[in-house]
Amino acid sequence: MHRRRKSDPAWPFGFCDFQKTSQHRLVQSHLFSQLTQTKKLKIISTSILLAASAAAHPVAFEAAYQLMFGTAGDVQNFELYRSYSAQAAWGIHAMRFEGAEDEVFTGLQHNWLLKRWNLPSAQANVYAGLGAGLAGEVGNGSSPAGIGFFRADYETRRVYTAFDAKLVESADVSRGVFSAAVGIAPYKADFDQLNTWLILQVEHVTGMEENLDIVPKVRFFKGPYFLELGSTLRGQPVANFMIHF
Amino acid sequence: MKILSVISLLVLSASLAHAAPDRVATVKATVNGMVCSFCAQGILAHFKKHPAVSNVHVDLTRKLVLLEERKGKSITDKEINEYIKKSGFEPVKVERVKESFDEAKGG
């Protein structure tokens with residue numbers, strides 16, 4: 001599949017910005033210089049735009065910042081929010097949809113925890129969010145866009161389930177990302193221990209060439225750090241990182 | 001003289017009764033919804049900022065937040081409930097126990 005990679009004002013985390021960083025100079029090793037341009041671009045975009053298909057924590061605790069980024073299949077994601085209460089957060093959200101013509105969305109978003117059930121041995125949540133920004137095909141300009149999401153999850157110390165739907169709409173871009181996940185923890189980790197989860201996620205992205213992905217992945221978290229690693233059955237890497245601070 | 005002694009004793013006992021405890025105290029708070037350590041980071045973040053709290057421990061198995069109060073200082077039940085809610089959870093019960101913080105951690 002031909003992929004264009006040009007700088008676009010609607011996508012602040014792209015290749016051109018990355019070129020300016022010192023990290024890029026480190027990456028320019030001998031081995032790296034042997035790769036083709038297409039492979040280089042793929043490696044850079046995958047490494048930098050580690051993106052989540054489903055934001056696990058749209059709202060954290062009061063006064064927290066939460067940073068989430070990752071890649072899953074053809075969708076890359078970046079989110080930075082400030083929770084100004086335990087029920088609401090706002091921040092920036094950027095998404096990139098890879099295809100024949102790559103599409104990007106960048107905007108401001110507000111998230112709400114609509115309902116939480118704090119049970120003795122479980123927690124369930126319903127979240128929603130709305131945002132506005134710019135979206136368009138890479139290199140072809142941008143137009144005003146809106147984003148909305150809905151998320152519901154249920155979790156015990158051994159079982160995890162989640163459903164997530166996101167919609168991005170503009171004059172040129174119309175995408176929906178729907179995912180459902182189930183997971184189990186092989187052991188009950190306590191607060192200070194490394195938590196491990198085995199998760200199976202099904203993700204559907206409207207308007208993509210390959211619009212259904214099955215993603216087995218492993219989730220780890222300890223303290224304020226969260227990492228997911230996996231792969232789609234098509235062999236595309238899935239990596240998500242999250243931190244609360 | 002006797003009257004003076006009695007008055008002094010009364011004043012002393014009254015002031016002791018109102019002063020913050022002069023020993024390190026342990027507080028046990030039972031909390032609903034704490035099933036994930038990543039989600040419960042707010043508990044640590046909030047209680048660590050309180051000047052009366054020297055130590056915080058979260059026990060997911062027993063659904064407890066344990067607090068060690070600094071000598072001579074105290075955190076109120078109202079503050080504890082408020083911090084738990086700000087962290088996104090539901091406080092159920094707050095108890096002040098005679099065990100040391102380490103003993104309470106050990107179960």
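## Model and conventions

The model is predicted: local features need pLDDT of at least 70, side-chain atom pairs count only at pLDDT 80 or more, and totals for chains, interfaces and linings use all residues. Residues are numbered from 1 along each chain as its sequence is written, while chains are lettered from A and ligands numbered from 1 in the order in which they are written.

## Chain B fold

Chain B holds four helices and four strands. These are DSSP runs, numbered from the N terminus: helices are H or I with at least four residues, strands are E with at least two. Their order from the N terminus is α-β-α-β-β-α-β-α.

Of the 107 residues in chain B, 35% are buried. A residue is buried if 20 or more other C-beta atoms lie within 10 Å of its own, exposed if 12 or fewer, and partly exposed in between, with C-beta atoms placed from the backbone. Two residues are in contact if their C-beta atoms, placed from the backbone, lie within 7 Å. Take the contacts in chain B between residues at least 6 apart in sequence: 65% join residues at least 24 apart.

## Side facing chain A

On chain B, 21 residues are in contact with 23 residues of chain A. Helix 2 (41–48), strand 2 (53–59) and helix 3 (77–86) of chain B each give two or more residues to this side. Helix 2 gives the most, with three residues.

By class, the chain B side has eight nonpolar, eight polar and five charged residues. Ala, Val, Leu, Ile, Met, Phe, Trp, Tyr, Cys and Pro count as nonpolar; Asp, Glu, Lys and Arg as charged; the others, Gly among them, as polar.

## Helix 2 against helix 3

In chain B, helix 2 and helix 3 pack at about 140 degrees, with axes 8 Å apart. Axes are lines fitted to C-alpha atoms, for helices over the stretch in contact, and angles run from 0 to 180 degrees between N-to-C directions. The pair is therefore oblique. Angles under 35 degrees count as roughly parallel, over 145 as roughly antiparallel, 65 to 115 as roughly perpendicular and the rest as oblique.

Helix 2 supplies B:Gly42, B:Ile43, B:His46 and B:Phe47 to the contact, and helix 3 supplies B:Tyr83, B:Ile84 and B:Lys86. Four of these residues are nonpolar, two polar and one charged.

## Nonpolar cores

A nonpolar core is a set of buried Ala, Val, Leu, Ile, Met, Phe, Trp, Tyr and Cys residues joined through C-beta atoms within 7 Å. The largest has 51 residues, and A:Phe105, B:Ala29, B:Val65 and B:Ile84 have the most contacts inside it. Strand 3 (residues 64–69) of chain B gives the largest share, four residues. Another core, of 10 residues, lies apart from it and includes A:Val59, A:Ala86, A:Tyr127 and B:Ala45.

## Single residues

A:Ala63 is in the loop between helix 4 (37–48) and strand 1 (64–72) of chain A. B:Lys63 is in the loop between strand 2 and strand 3 of chain B. A:Ala63 has 15 other C-beta atoms within 10 Å, so it is partly exposed. B:Lys63 has 18, so B:Lys63 is partly exposed.

A:Ile214 lies in strand 10 (residues 212–222) of chain A. Its C-alpha atom is 5.9 Å from that of A:Leu233, 19 residues apart along the chain.
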